[in-house]
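The following report describes the chains one at a time, then the packing of their helices, and lastly the contact between the chains. Please read it with the structure open.

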Amino acid sequence: MKTILNEQQLSITIQRLIHQILENHIELENTVIIGLQPRGIYFSNRIVDELKKQVAADKIKYGKLDITFYRDDVRQGLHQLNQTDISFSIENKNVILIDDVLYTGRTIRAALDALQDFGRPAKVELCVLIDRRFSRQLPIQSDYTGKSIDSIISQKVKVFWKENEGVDMVELL
Amino acid sequence: MQLSTKHLLGIRDLKSSDIQTILDTATQFKEVLQRPIKKVPTLRDVTIVNLFFENSTRTRISFELAEKRLSADTINFTASASSVSKGESLLDTVNNILSMKVDMVVMRHSASGAPHFLAKHIPAAIVNAGDGINEHPTQALLDAFSIREKLGTLEGKKIAIIGDIMHSRVALSNIYLLKKMGAEVTVAGPPTLIPKYMKEAFDVRVEYDLKKALQWCDVANVLRIQLERQNQVLFSSLREYSLAYGVNKRLLDSLDKEIIIMHPGPINRGVEIDSDAADSKQSIILQQVENGVAVRMAVLYLLAGGKSEQN
């Protein structure tokens, strides 16, 4: 077991990510944030909380997306469903997808599929807290990356959040 | 997430946790149906045949729409336009269809137990869309979903099922489901249309006075008189039935509370329910139909998903 990010590092990383996002999306004009259910939501909530300190809250459009119905492994087992809540149009918007860990890329593939059913975005970007390098099964990469790590299949990346696990931390198990 | 059964033959075989799972899943599908594109690719590789040996409008369209919204391939079969009229047996018909690689069968039949019989003989998953006077599980599930949507929960709620209890598969499925989910049930209607020993068999109240039943309940589920299944005279005329057991606005206004009115359709206006009650604000009849698609999507998804290609 190895700590990848402790509480302080995690907080600094989130600060850096929101500034990178704001650098490319000034005042978040025409930009929407979409967190991926279930675990990406903790991360996207933090990002949105921090963005609210920089941008007027009513400028921030924030939705949640569950990709279960778009998975490519429905026949191998059913997954817990979560709420999808996108109460605005994404037509011609810049969409920033947010998830905690980027691993095989299959979740993001499904999310891109799902997004199409809500409209045709002008651009889609990806923001992840942890990028497990060299383990991609699809040609997908992130635009905003908290930290890239090298890991093998048998290892697991676990992200802990104060809201759920009582502590902010990322570990490699 | 997985249901405890391979088929949906009746509510009788379901655990309360299964019912909970189906209703929760349906909530997510209802959200899908509000999207600009009301379709998900979930069951892309699944082929479903709709076998209707008995007439149907709502159920068949609802199932077909649910299948299409899930991206499944569908085949429709109606007995009147098929080789059944040439004397082919049920099992032969179904086996012939299955040999064309069909994964699921949605079936309605006028004989009670027909889907149970098929389930013993074929490998595909079966969804009962109504069998004779036995069960109509997806109707009970969508009724429960509609009640839950309106009242928040089923537990402790008082539901009156009114009308032709004896010949109604909707009534039986509803009673099983509501009792499993902790609701209180009263069946109301003329004594000739309520089987004996209902109270002992199902732990439901029996009421022969319509007004008392309405006064007691939170929700009244009004059933159609199933004339096609009655082969003897059980009441003197439809007009007399309507006078004693027809639900109308005047009756609803005379209660000291506002109850919810449901009906599984098709409605015989002026018999079991008058237009002024069926089209009133208290009625959720059309919401029931809307919820039917989401509930059937949930059932198909839960039965089709999670099985690997090994069989």
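Which residue of β4(A) does I34(A) stand opposite? In this model, which is predicted, I34(A) faces L97(A) across the pairing of strands. The two strands concerned are β2 (residues 31-36) and β4 (residues 94-102) of chain A, which pair in the parallel sense over 5 bridges.

**Chain A and its sheet**

Chain A contains 4 helices and 8 strands, and from the N terminus its elements follow one another as β-α-β-α-β-β-α-β-β-β-α-β. The C-alpha trace of chain A extends over about 40 × 40 × 30 Å along its principal axes. A compact globule of 173 residues would have a radius of gyration near 16 Å, and the 16 Å of chain A therefore agrees with that expectation.

The pairing of β2(A) with β4(A) belongs to an open sheet of 5 strands, whose order is β3-β2-β4-β5-β6 in chain A and whose pairing is parallel. At its edges lie β3 (61-65) and β6 (144-150) of chain A, each of which pairs on one side only, and from one strand to the next the twist averages 25 degrees. Helix α1(A) packs on this sheet, where it touches β4, β5 (123-133) and β6 of chain A, and its direction makes about 130 degrees with that of β6(A).

**Helix packing in the two chains**

Two packed helices are described by the angle between their axes and the distance between the axes. The table sets out these values for one pair in each chain.

| Helix pair | Angle | Axis distance |
|---|---|---|
| α1 (residues 7-24) and α2 (residues 40-52) of chain A | about 65 degrees | 10 Å |
| α1(B) and α12 (residues 285-304) of chain B | about 120 degrees | 8 Å |

Because angles of 65 to 115 degrees count as roughly perpendicular, α1(A) and α2(A) are described as roughly perpendicular to each other, and their crossing is right-handed. On the side of α1(A) the contact is made by I14(A), Q15(A), L17(A) and I18(A), and on the side of α2(A) by R46(A), I47(A), E50(A) and L51(A). Sorted by class, this contact of α1(A) with α2(A) has 5 nonpolar, 1 polar and 2 charged residues.

In chain B, α1(B) and α12(B) are oblique to each other, and α1(B) passes α12(B) in a crossing that is right-handed. The residues of α1(B) that make the contact are T21(B), I22(B), T25(B), A26(B), F29(B) and K30(B), while those of α12(B) include A294(B), V295(B), A298(B) and L302(B). By class, the contact of α1(B) with α12(B) has 10 nonpolar, 3 polar and 1 charged residues.

**Chain B as a whole**

The secondary structure of chain B amounts to 12 helices and 9 strands. Its radius of gyration is 19 Å, close to the 19 Å that the globule rule gives for 311 residues, so chain B is as compact as a globular protein of that length. Along its principal axes the C-alpha trace of chain B spans about 60 × 45 × 35 Å.

**Where the chains meet**

How many residues of chain B are in contact with chain A? There are 18 residues of chain B in contact with 15 residues of chain A. Of the elements on the chain B side, helix α1 (residues 16-32) gives the most, with 4 residues. By class, the side of chain B that touches chain A has 7 nonpolar, 7 polar and 4 charged residues.

Methods
Residues are numbered from 1 along each chain as its sequence is written. Chains are lettered from A and ligands numbered from 1 in the order in which they are written. This is a predicted model: local features need pLDDT of at least 70, side-chain atom pairs count only at pLDDT 80 or more; totals for chains, interfaces and linings use all residues. Axes are lines fitted to C-alpha atoms, for helices over the stretch in contact, and angles run from 0 to 180 degrees between N-to-C directions. Angles under 35 degrees count as roughly parallel, over 145 as roughly antiparallel, 65 to 115 as roughly perpendicular and the rest as oblique. A crossing is left-handed if the near helix is turned anticlockwise from the far one by less than a right angle, and right-handed if clockwise. Two residues are in contact if their C-beta atoms, placed from the backbone, lie within 7 Å. Ala, Val, Leu, Ile, Met, Phe, Trp, Tyr, Cys and Pro count as nonpolar, Asp, Glu, Lys and Arg as charged, and the others, Gly among them, as polar. Two strands pair if DSSP finds at least two bridges between them. The radius of gyration is taken over C-alpha atoms; the globule rule is 2.2 Å times the number of residues to the power 0.38.
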